[in-house]
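Here's a quick briefing to read alongside the structure. Have a look at the fold below, then go through the points by topic.

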Amino acid sequence: MTPFRIMIAAAAVTMTALPAFAEKLSLNAISQYLNKLDTAKAQFTQINDDGTISTGTIFLKRPGRARFEYNPPTDALVVAGGSQVAIFDGKSNAGPQQYPLKRTPLSLILAKDVNLSQAKMVVGHTYDGTATTVVAQDPENPEIGTIALKFTDSPTELRQWIITDNAGSQTTVILGELTTGGALKSSLFSITAAIKERAR
């Protein structure tokens, strides 16, 4: 699994029991849900494009912050904060690779104000009878790839999040129970703190 594969991996919430009377969610309803999502934490299982599997814990703190802690034997850490994404790969002796957050599909849901009705942002909006899937891209940087978000309603909940990069490779992460609204330390999302932590 390459560092870039790790970096583009976001999260997918596991499919749990679906409501009996689900309906297609509007883009406005989904945008409102994401904008109200302040903090979140969950265990995850990541399925990479090559079929390999990793596990770990994800922390989200909107706007603009995320942390993916991988469990052994995957020696990796991804931190998004300060408008940057840093990828720490334990197999490399070099420092973390860093990319502008805005150059990753993850920026679409970590934005301060999510507006899926923005022109050319949503390239797919479907309903399969149980869940609504929205495929979104950055209208200013469509070449960086897309993020597919799957939601159920009653109440609206994010269930799946798949990122497709510019080469067509896909990464999915399945989460355990999503805990929202709790306090998360700012240091979790500090790239500087992560560099010091990994250097110990």
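Pro-73 sits in the loop between E4 and strand E5 (76-81), where strands (E, at least two residues) and helices (H or I, at least four) are DSSP runs numbered from the N terminus. Keep in mind that this is a predicted model, where local features need pLDDT of at least 70, side-chain atom pairs count only at pLDDT 80 or more, and totals for chains, interfaces and linings use all residues. Residues are numbered from 1 along each chain as its sequence is written, and side-chain values use heavy atoms, with hydrogens and water left out.

**Cis peptide bonds**
- Pro-72 and Pro-73 are joined by a cis peptide bond, with omega at about 10 degrees.
- Another cis bond runs from Arg-62 to Pro-63, with omega near 0 degrees.
- Pro-63 belongs to the loop between strand E3 (53-61) and strand E4 (65-70).

**Positive phi**
- Lys-120 isn't a glycine, yet its phi is positive, about 65 degrees.
- Lys-120 is exposed, at 68% relative accessible area (exposed is over 50%, buried under 20%, partly exposed in between; 1.4 Å probe, protein chains only).
- Ser-154, also not a glycine, has a positive phi of about 55 degrees, and lies in the loop between strand E10 (146-152) and strand E11 (157-164).
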